[in-house]
Amino acid sequence: MSSPGKISPIRTTSFASATHPQLVSIVVPVYNESANLERLWSRLKPVLDTLDRPWEVVFIDDGSHDDSLRMLREISAAEHERVRVVELARNFGQHSAILAGFRQSRGDVVVTLDADLQNPPEEIPRLLAAIDDGNDVVGGWREERHDRAYRRYASRLHNRLTSMIVGVPMHDYGCMLRAYRRHIVDTVVDCDEKASFVPALANTFAKRVAEIPVGHDARAGGESKYNLFGLAKLSLNLITGFSLIPIQALSLTGVGIFVLDALFATILLAHRLIYGPQQEGALWTLFAVLFFFVGVIFLALGLIGEYVGRIYIEVRRRPTYIVRAVHGAADDAIDKH
């Protein structure tokens, strides 16, 4: 059971205190993972203790119904301020939980990690080394996945779709073992989108993105929270959240029907001039008129969709551009917009 008096209330405008240089924040969303938490912490803490930099862990309890919250609070109590627990009011989903963790993190670099131990915590130093090489975002690539065949094929299709829409080719957008620089995290949080896909959104703001192969194990305990329906829902969010392709396809369909109708009308006119009026000619003329109005309807829907899409782009409040630094100025001015 939660104890509101001991855990700070979470508001949408609340942020953690100022960023700490060299600090590494590990953000771990948790939903009904009591079967894995003890093993997770017994493997994660030794890895963090060997880092040559300070660290903190932010666990986000995403409305768990099992003992996850109690176990997380015990870990937090033993580690004082190095481990914090963000308790969400209900289950909001993995990406919303990660955004809540981003808001509470203070590190110069933020690493996300699933609690099911399918992504080994021992890979974290390799992610940090890739960030130190100058990359803004580093994603894990599960080369040898230990999932069922249908999950692997569905994920492969999802990754190709995401790469095409985002414009940043990656083998594995679904792997949550990822590292982000602070300015990327802050930009993602500032977007405050309701149906966000964090890895794709972060890649749209990054100058340098890298991907490294990481290990992947079978689930240590509990059940997976992602099924085919969840993956399809995520793909739909991706298509509607990152592109206007469906609307533009509707407009192009209307233009295509117009072109075909013009060709059809030309053939009918030529046939009438060469062979004279035919008895079945009225039926084909009716088809030509019908295609004309079908084309008008598709084009009108596409144009309305274009205007709605532009409104959607505006209300998303994503930055038009991001300036990281102005070189040659007296002070290093940094502005996001």
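Modeller: Two strands pair if DSSP finds at least two bridges between them; strands (E, at least two residues) and helices (H or I, at least four) are DSSP runs, numbered from the N terminus. Strand β1 covers residues 20–30, counted from 1 along the chain as its sequence is written. This is a predicted model, in which local features need pLDDT of at least 70 and side-chain atom pairs count only at 80 or more, while totals for chains, interfaces and linings use all residues, and side-chain values use heavy atoms, with hydrogens and water left out.

With β2 (residues 55–61), β1 pairs in the parallel sense over 7 bridges, and I26 has V57 as its bridge partner. In a regular strand, side chains alternate between the two faces of the sheet.

By contrast, L286 in helix α10 (residues 281–316) is exposed, with a relative accessible area of 57%.

On confidence, pLDDT is the predictor's confidence in each residue, from 0 to 100. The protein chain has a mean pLDDT of 82, with 86% of its residues at 70 or more. Over residues 1–14, pLDDT stays under 50. Where pLDDT is low, the predicted coordinates should not be read in detail.

How values were computed: Contact means heavy atoms within 4.5 Å. Buried means under 20% relative accessible area, exposed over 50%, partly exposed in between (1.4 Å probe, protein chains only).
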